[in-house]
Amino acid sequence: MKKNLSLGFLLLGSTSVWAAPVCDHVNFLVTKMNLHSANIANAETTRTIEGGPYQRQEMGHCQDWKCDVVSVNHFNQIRYPDHPDADEYGYVEVPDVDPVEEMESLIETQRAYEALVSDERASASLCRNSSGE
């Protein structure tokens, strides 16, 4: 299943033209952090409103910081005969989500976000100081 995700950008007054690519990058990183968070939160979800286990979300094709969100339709089976979603053989389909790997990617993305925001604050400060504001 493919969802189109439109990442907008913020207008920052007189610096809106300069900030548009940066804001797109920030929105990209925020979306990526949200996907990793959702994957971690649903790592053991065996039944969704749509039916079946949760489908891991990831970034699909990206162009100019605008990306598709793709649902990965792959599951693992574990033996758990007492589970309400177990089949006749006692197996349950669970999402193919590795919480440790998702957390690692979340932390990496969060650090990239923090570095970008920090760099942009420093750049904005330099621009203000050099223009005499």
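Colleague: Why is Glu-58 called partly exposed?

Modeller: Glu-58 has a relative accessible area of 33%. Buried means under 20% and exposed means over 50%. The value for Glu-58 falls in between, so the label is partly exposed. Keep in mind that this is a predicted model.

Colleague: What makes Glu-58 and Arg-56 a salt bridge?

Modeller: Their side chains meet at 2.7 Å, N to O. The cut-off is 4 Å, so the pair qualifies. In general, side chains of opposite charge can pair when their charged atoms come close.

Colleague: Why does Arg-56 count as buried?

Modeller: Arg-56 has 19% relative accessibility. Buried means under 20%, so Arg-56 counts as buried.

Colleague: How many salt bridges does the structure hold?

Modeller: Three. Another one joins Lys-66 and Asp-24.

Colleague: How do you know that Lys-66 and Asp-24 form a salt bridge?

Modeller: Their closest N and O atoms are 3.6 Å apart. That is within 4 Å, so the pair counts. This pair links distant parts of the chain: Lys-66 is in strand 3, Asp-24 is in helix 1, and 42 residues separate them.

Colleague: What makes Asp-85 and Arg-47 a salt bridge?

Modeller: The closest N and O atoms are 2.3 Å apart. The limit is 4 Å, so this pair passes. The pair also links distant parts of the chain, 38 residues apart. Asp-85 sits in the loop between strand 4 and strand 5, and Arg-47 in the loop between helix 1 and strand 2.

Colleague: Why is Arg-47 called exposed?

Modeller: Its relative accessible area is 52%. Asp-85, at 24%, counts as partly exposed.

Colleague: How do you know that Glu-102 has no salt bridge?

Modeller: The nearest side chain of opposite charge is Arg-56, 4.5 Å away. A salt bridge needs the atoms within 4 Å. Glu-102 is buried yet has no salt bridge. Glu-102 lies in helix 2. Leaving aside neighbours within four places in sequence, its contacts include His-36, Asn-39 and Val-97.

Colleague: What about Val-117: buried or exposed?

Modeller: Buried. Val-117 has 18% relative accessibility, and the cut-off is under 20%. This residue also lies in helix 2. Val-117 and Cys-23 are 94 residues apart in sequence, but 9.6 Å apart in space, C-alpha to C-alpha.

Colleague: Which residues form the negative surface patch?

Modeller: Asp-98, Glu-101, Glu-104 and Glu-108. Take Asp-98, in the loop between strand 5 and helix 2. Its relative accessible area is 38%. Patch members need over 30%, so Asp-98 clears that cut-off. By its accessibility, Asp-98 is partly exposed.

Colleague: What is the overall layout of the protein?

Modeller: The pattern along the sequence is β-α-β-β-β-β-α. That gives two helices and five strands. Of the 133 residues, 28% count as buried. The protein exposes about 9000 Å², with carbon and sulfur atoms supplying 52% of it.

Definitions and conventions: Residues numbered from 1 in each chain as written. Predicted model: local features only at pLDDT ≥ 70, side-chain atom pairs only at ≥ 80, totals over all residues. Heavy atoms only, no water. Patch = residues over 30% accessible without salt bridge, like charges linked within 9 Å, V, L, I, M, F, W, Y side chains within 5 Å. Areas by Shrake-Rupley, 256 points an atom, 1.4 Å probe, with all protein chains shown as cover. Lys, Arg positive; Asp, Glu negative; His and termini not counted. Charge placed at Lys NZ, Arg CZ, Asp CG, Glu CD. Helix = DSSP H or I, 4+ residues; strand = E, 2+ residues; numbered from the N terminus. Buried < 20%, exposed > 50% of the residue type's maximum accessible area, 1.4 Å probe, protein only. Contact = heavy atoms within 4.5 Å.
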